[in-house]
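I opened this notebook to record what I looked up, one topic at a time. The entries follow the order in which I went through the coordinates.

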Amino acid sequence: MENYKYFLEKNKRSDLYSLFWIFFHFTFVFSPVFIKATNIIEINFIFCWIWFGVFANGLINLMHEAAHRLLFKKKQNSDFFGKWILGPLLISDFEGYRKRHWIHHNKFGKAEDTKKTYLVNINRWNSLKFLIECLILKEGFKKFFSQFSTKTKTKKGFSSLKIILRFFLIQSIFLSLIIISSIFLSDMNLNEVLISVVTAYIFVYLYGLASLSVFFSTLRAIAEHQVYNKIGSKEEKGVLRNLKCNMFTKLIFGSYGFSEHATHHQFPSIPSYSLEKLTNKLSQDDSDLIAYDGYISTIFKLIFNDSSNHVETF
């Protein structure tokens, strides 16, 4: 098994192939932003907001892959993509995220665990309450400001300035692309261009990311980790769970190896595209790695489960 694990670690797919799928994924996720900006296709802006907000969670999963330095063959390429593309576009401190994430791996289910989202109570009416809190941006602001917690910050001063400069540079380029697309790919006048650009950037992109993406990324973490039964590899106040996926739930929740989450926690150095093969091999001897349910069914079980089984936060 050690030889097989070593083989999966070292035999990474080509960077060109990875870039192709990343480009395809980015195009799919960001299409509604540019569709709204150009009105090239008559789609309601609410639909564009839902499209981007729901599926942007997949790009958050991609940032996780970059944080593990598994996106490309060379670690520095994963670092560059995380720092210069994913972090600024997802309004996240990539380096801080990586540090917090490694603590999550090492302290999972313990009081020191930096990841608290899987402990959110979605039982019964709490699920509706949590959705409303996401829509009014309470959770989005909490998630944003939690990045700057003194408990997880290791660098100050010049490093923080670099993060801010990267953010403004990439956001300026992104906004410029939206404006250019709106001007040259539509026949709208300047007032209509302004309205379309503001709607696309502020409502579809920023609000979608801060509301629906936060909601669905939290549901993903809850499905993978929150305790409701004894299925999965249980560790104190959390559980490690592999989950079944179809193409739709893979795009929303389980992309980049997240559906093989229990396997990933055991073998964090294995690229996401090899986790399914490893899981199939290991699950023959380890029933904790068998995926019994999917994301949707697990979330519904947690919503309608007896609230007395809910795990309180640390």
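Against which helices do the buried residues of H14 pack? I first noted the ground rules: this is a predicted model, in which local features need pLDDT of at least 70 and side-chain atom pairs count only at pLDDT 80 or more, while totals for chains, interfaces and linings use all residues. Residues are numbered from 1 along each chain as its sequence is written, and side-chain values use heavy atoms, with hydrogens and water left out.

**Entry 1: helix H14**

I looked up H14 (residues 295-304) and found Tyr295, Thr298, Ile299, Leu302 and Ile303 buried, where buried means under 20% relative accessible area, exposed over 50% and partly exposed in between, with a 1.4 Å probe and protein chains only. These residues lie on the same side of H14, because they cover an arc of only 140° around the axis, the arc being that of the directions from the helix axis to the C-beta atoms. The answer to my opening question is that the buried residues of H14 pack against helix H7 (126-135), H10 and H11, contact meaning heavy atoms within 4.5 Å.

**Entry 2: the chain as a whole**

I counted 14 helices and 2 strands in the chain; these are DSSP runs numbered from the N terminus, helices being H or I with at least four residues and strands E with at least two. Buried residues make up 50% of the 314 residues. Of the contacts with a separation of 6 or more, 73% come from residues 24 or more positions apart.

**Entry 3: nonpolar cores**

I then turned to the nonpolar cores, each a set of buried Ala, Val, Leu, Ile, Met, Phe, Trp, Tyr and Cys residues joined through side-chain atoms within 4.5 Å. The largest has 59 residues, of which Phe26, Phe30, Val33, Phe52, Leu62 and Tyr205 touch the most other members. H10 gives the most to this core, with 14 residues. A second, separate core of 13 residues includes Leu8, Leu275, Leu278 and Leu282. Returning to Phe30, and leaving aside its neighbours within four places in sequence, I found contacts with Phe52, Leu59, Leu89, Phe174 and Tyr205.

**Entry 4: salt bridges**

How many salt bridges does the structure hold? I found 9, a salt bridge being a side-chain nitrogen of Lys or Arg within 4 Å of a carboxyl oxygen of Asp or Glu. Asp79 and Arg98 form one of them, at 2.4 Å from N to O. This pair links distant parts of the chain, with Asp79 in helix H5 (residues 75-89) and Arg98 in helix H6 (residues 94-106), 19 residues apart. Asp79 counts as buried at 13% relative accessibility, and Arg98 counts as buried at 11%. I also noted that Arg69, Asp79 and Arg98 are linked in a network of salt bridges.

In H10 (residues 190-225), Glu224 and Arg220 are 4 residues apart, about one turn of the helix; their side chains meet in a salt bridge at 2.9 Å, N to O, and both residues are buried. Glu139 forms a salt bridge with Lys142, the closest N and O atoms being 3.2 Å apart. Because Glu139 and Lys142 are 3 residues apart in helix H8 (residues 138-146), about one helical turn separates them. Is Glu139 buried or exposed? Glu139 is buried, with a relative accessible area of 11%, whereas Lys142 is partly exposed at 48%.

**Entry 5: a buried arginine without a salt bridge**

Arg241 lies in the loop between strand E2 (238-240) and helix H11 (247-254). Arg241 is buried yet has no salt bridge, and the nearest side chain of opposite charge, Asp293, is 6.6 Å away; here Lys and Arg count as positive and Asp and Glu as negative, with His and the chain ends not counted. What does the side chain of Arg241 reach at 2.7 Å? I found the backbone oxygen of Gln226 there.

**Entry 6: Gly257**

I placed Gly257 in the loop between H11 and helix H12 (261-266), and Gly257 is buried, with a relative accessible area of 9%. Its C-alpha atom is separated by 6.2 Å from that of Leu275, 18 residues apart along the chain.

Key: Polar contact = N/O pair within 3.5 Å; in protein donor to acceptor, adjacent residues only side chain to side chain.
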